[in-house]
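Here are some friendly notes to read alongside the model. Take the points in order, and keep the 3D view open as you go.

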Amino acid sequence: MLRVVTHVKPLVDRSLYGALDVSIWSKSIQFNKCAFTTSAFRLNDQSATAGVQSEDTINVCGKDYAKDEWTNVTPNILSKTSRKLHLHPSHPISIIRQRIENHFATFKPLNKFEPTVTTKMNFDDLCIPADHPTRVKSDNYYINATNMLRAHTSAHQLQGLESGATKFLISGDVYRRDEIDSSHYPVFHQMEGLQYFDMGPKITAKQVQDDIASQAELAANTVQLVDDTLIKPENPIQDRHAPEAAQAVVAHLKHSLNSMVRALFKDEPNLQVRWIDAYFPFTSPSWEMEIFYQGEWLEICGCGIVRQDLMDAAGKPACSINMDPPSLHNTNALLLKKGLQNKIGWAFGCGLERLSMVLFDIPDIRLFWSEDERFLSQFAAGEIVKFKPFSKFPPCLKDISFWLPEKEWNENNFCEIVRGVAGDIVENVTKIDDFTHPKTQKRSVCYRITYRSMDRNVTNEEINAIQEKVRSTVEEDLSVQLR
């Protein structure tokens, strides 16, 4: 039960000096493409040329990579890498990005990194253990064993630290294999922010107070804030951080994100926001921000105090950082080689689709990829307007049931096949039955696939052909026994 409801305030001295009431960003920041034809949603993007493949190599973003047993990225996904929705000024994703960049006006924006990264950048550089479940093949798009499509913008965090900026924002498209429904898509967009200060009980608090005093006046408060989080052993201050310094940076982090939410949602009446404890491999302590939307709490942001070994890594001469784009090479970056061991910082990551769906009232995540003018013409750079639905065509439901193989079953692999065959005409995949035979102990599952185009009617004959292709592909690729 929620215990305390307060309004967001510019700065609470208690957070600075007293007991604080105080993310792969996000356990569940889910969300979100490339090359569409005249139809808003093509049934199958297999013909797209963004990722040309041969038997032994694959071309991603203009570079050839050797395939191996880890290669699982599909032509459908590769075709999304050139869309860069976050850079189209009048697109909802870009409008939210620009709103956040404008709010953090003194932060350096870094939004043109290519989505291809090494597994070291995506995992090792963020202190993610070798056996961590976020590395599994079924959750990621691997180009090969050492290269992948980034699963989060945090993959560029060390590049940001090496840029010479003490505060920066990183935005871009990220890629994760996931379930299929109106709020999940294998390509989505994230924004990452980081700011750091000199580390020392007195100097950190002074810098925090000076920085907050220099900021613009907060937006009118229409937000109800719930924050009853506390520093505790389960969510601790790092050993290398003096409590006074860490508490000052926590206060700055929470002030910064509370003010961002107030600015973004200033026209949303009676918005409820709450802070909850969280865990991320690259921050401690860590939290999530959630908003109450359509009857449920939705995570919008993960955040925390950056792991000190990440700050240390940014200052090591031997640290292998891909300084792309080249403009990041500068004197300040070279000075950082002396080390960031005496700096303390915070970071956050948020999903731009989730914020956009709330602020623009966009009900289905597939719409973000539409090239239908009835969708695109509703939006203009810098403006937030409520989306007006232009069509709602009837769905076509098809069930598929099968006995599972003896090997481990992963639902993401099934959803990937369905989406790969049917493309964006798939609206939802739901498991409606899960049965284990009492004698043989064989397990059977049944899924209901909802097909619905966003821009036209589909025929039963058309969907039957797609469903048959789904059945045969699932049977062949996943070694199931169809029922």
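1. Let us start with a pocket. Helix α12 gives the most to the lining of the largest pocket, with 5 residues. Helices α12 and α13 each supply at least two residues of that lining. Please keep in mind that this is a predicted model.

2. How much space lies in the largest pocket? The value is about 480 Å³. The lining has 20 residues, and the closest to the pocket's centre are R177, N413, I417, D477 and L478.

3. Now step back to the whole chain. You can look for 13 helices and 18 strands in the protein chain. Of its 483 residues, 57% count as buried. The chain exposes about 20,400 Å², and carbon and sulfur atoms supply 52% of that area.

4. Next, ask which residues of α13 are buried. They are E462, I463, I466, Q467, V470, R471, T473, V474 and L478. As you read the numbers, remember a general rule: an α-helix has 3.6 residues a turn, so residues three or four places apart point the same way. The buried residues of α13 pack against strand β15 (396-403), helix α12 (411-422), strand β17 (443-451) and strand β18 (481-482). One of these buried residues, L478, is also among the residues closest to the centre of the largest pocket.

5. What happens just after α13? There, S479 takes a positive phi of about 55 degrees, although S479 is not a glycine. This serine is found in the loop between α13 and β18. S479 counts as partly exposed because its relative accessibility is 44%, a value between the 20% and 50% cut-offs.

6. Helix α10 (352-360) is mostly covered, with 9 of its 9 residues buried. The buried residues include the charged residues E353 and R354, along with L352, M357 and F360. What covers the buried residues of α10 includes the helices α3 and α7 (243-264), as well as the strands β9 (187-198), β12, β13 (296-306) and β14 (343-351).

7. Just after α10, have a look at D361, which takes a positive phi of about 60 degrees. D361 is a residue other than glycine, and lies in the loop between α10 and α11 (373-376). Is D361 buried or partly exposed? D361 counts as partly exposed, because its relative accessibility is 35%.

8. Loops can hold buried residues too, and L85 is one of them. You will find L85 in the loop between α2 (75-78) and α3 (92-103). With a relative accessible area of 2%, L85 is buried, since buried means under 20%. L85 and F368 are 283 residues apart along the chain, yet their C-alpha atoms are separated by 8.3 Å.

9. The bond from S284 to P285 is cis, with omega near -5 degrees. P285 has its place in strand β12 (residues 283-293), and β12 is among the elements that cover the buried residues of α10.

Definitions and conventions
Residues are numbered from 1 along each chain as its sequence is written. This is a predicted model: local features need pLDDT of at least 70, side-chain atom pairs count only at pLDDT 80 or more; totals for chains, interfaces and linings use all residues. Side-chain values use heavy atoms; hydrogens and water are left out. Helices (H or I, at least four residues) and strands (E, at least two) are DSSP runs, numbered from the N terminus. Buried means under 20% relative accessible area, exposed over 50%, partly exposed in between (1.4 Å probe, protein chains only). Accessible areas come from the Shrake-Rupley method with a 1.4 Å probe; for residues, only the protein chains shown count as cover. Contact means heavy atoms within 4.5 Å. On a 1 Å grid over the protein atoms alone, a cavity is a set of points where a 1.4 Å probe fits but cannot get out, and a pocket is an open set with protein on both sides within 12 Å along at least five of seven lines; lining residues have an atom within 4 Å of a point. Grid points are joined across faces, edges and corners, and a volume is the space filled by probe spheres set on the points.
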